[in-house]
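Hi there,

Here is the structure we talked about passing on to you. Have a look, and then read on for what turned up in it.

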Amino acid sequence: MNWAERSRQAVWHPCTQMKVHEHFPPRAIVAADGPWLIDDQGHRILDAVSSWWVNLFGHNFAPIKAAITDQLGKVDHIMLAGLTHPPVVELSERLAALTGLGHAFYASDGASATEIALKMSAHSWRNRGRAEKNQFIGLQGGYHGETAGALSVTDIPLFREAYAPLVRLSATLPSPDPRHAAPGVSAPTHTRHAIEALANYLAAHHAQTAALILEPLVQGAAGMAMYAPEYLVAVRDLCDQYEVHWIADEIAVGFGRTGTLFAHQQARRADGEHVKPDFICLSKGLTGGVLPLSAVLTTDAVYQAFYDDRTVHGFLHSHSYTGNPLACRAALAVLDTFAEQDAQGRDVLSRNREAAERFHALTAPLRAHPRVKGHRHLGMIWAWDIDCQEPTFAARYHRAALDAGLLLRPIGTTLYVMPPYVLTEADQTHLAHGLVRVLDRVLADIDALPQAQAPVVPVP
Ligand SMILES: *Cc1c(COP(=O)(O)O)cnc(C)c1O
């Protein structure tokens, strides 16, 4: 039996209807280098989605490998209650210096970071004698992970519906995503409407509301929905006015993905100062996509609400692998990489700007494609909405792209690219050409389907 078949027998794959693998077995990857994956048949596949949005500098990135290897010779893992270690101290200091928010609390994945931020927010209000502030607000199309608490603020029906009875649903407010604008309503007016909806909700419900959680600038799972930074400035002001915490879920958009180190840093006031959330959730790119690690950063005010002689006023949450030293060293190597400049004096963010400009030019044919009805770009994220009604579009595109040597997973009928920051010009060209070629092939297949045929096998 080959790897794919053995995997089908033994492994329950995430976000997958396993029956689909009867016909389309998982690809077995046996090597990975830079943005390239190599399967057990020797095929090379360009990882254009950064292995689910986590990988920043390609696979097998020497500085991260060296940091982990060095740490393995010192301390592999220790518990973080009652003990500490140099990598977790140094990482926490550096994240605080970069964000202005300190008191880093660690877990191992994004959903756990969401859980921690929600629990911390509500518990901090309770410690201040305001236990009734225990409700949360999320945005339409928001995604914050899939544990029960995270699902309560996630508005993706496909992921939430089956578990709705298990979840204490939060309020869902209109997204500033201009694709939701009513016909004839401009994007700026739509943003204003979304702000008004938040203002009205808070005016009525602030006394019961602990926090608003959102993805700054880009709602990934909603199809890389992008919205104006002005919305975040209004969020900051309204949350201050009504004493509600703002949780910025930077799990996907952090670490340069939107062009700045953190996405919320693009939300600036007239004086040039950027707004600051009360909580920042980080994961995915935090370790360059090499080891699982997440962090929640927060304000002195929240931290002080727990600082007390009474044990029960402490934040007693824990995970066994909290602050894993190997993962912290990987994260430190990532921060070092962002801090470095090359021989021409360019850092990662400025090299990314040049690479993004080049890729943007290379994808002009896709923007002009007759079946592309909308397109978006910010930093190192590109998205194209395809004019197609076929529910199997995403699954068909994913399979056809693999055959063409590209790892791509459209969301519904939105095709998107979220590449590692290390694509060469040749890689970019391969990707840009492949995107159009695969699109034409898939649309031709779909257009040839007999009308009103039932979907073959629905796949997310
Ligand atoms: C991926 C993601 C999460 C969940 O992270 P996991 O590590 O998959 O649990 C939460 N929020 C956002 C915005 C994400 O993109």
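A backbone N or O atom of Tyr143 sits 3.4 Å from a nitrogen atom of the ligand. Please keep in mind that this is a predicted model.

Gly110 brings a backbone N or O atom to 2.7 Å from a ligand oxygen, while an N or O atom in the side chain of Lys284 is 2.6 Å from an oxygen atom of the ligand. On its own the ligand has 380 Å² of accessible area, and the protein covers 82% of that.

Which residues are around the ligand? They are Trp53, Asp109, Gly110, Ala111, Tyr143, His144, Gly145, Glu215, Asp249, Ile251, Ala252 and Lys284. Sorted by class, this shell has 5 nonpolar, 3 polar and 4 charged residues.

Now to a pair of helices. H12 (residues 348–362) packs with H15 (residues 425–447) at an angle of about 30 degrees, and their axes are 9 Å apart. Their crossing is right-handed. From H12, the contact uses Ala355, Arg358, Phe359 and Leu362; H15 contributes Glu425, Gln428, Thr429, Leu431, Ala432 and Leu435. The residues of this H12–H15 contact comprise 6 nonpolar, 2 polar and 2 charged.

Notes:
Residues numbered from 1 in each chain as written. Predicted model: local features only at pLDDT ≥ 70, side-chain atom pairs only at ≥ 80, totals over all residues. Heavy atoms only, no water. Axes fitted to C-alpha atoms, helices over the stretch in contact; angles between N-to-C directions. Helix = DSSP H or I, 4+ residues; strand = E, 2+ residues; numbered from the N terminus. Left-handed = near helix turned anticlockwise from the far one by under 90°. Contact = heavy atoms within 4.5 Å. Nonpolar A, V, L, I, M, F, W, Y, C, P; charged D, E, K, R; others polar. Near = heavy atom within 4 Å. Polar contact = N/O pair within 3.5 Å; in protein donor to acceptor, adjacent residues only side chain to side chain. Areas by Shrake-Rupley, 256 points an atom, 1.4 Å probe, with all protein chains shown as cover.
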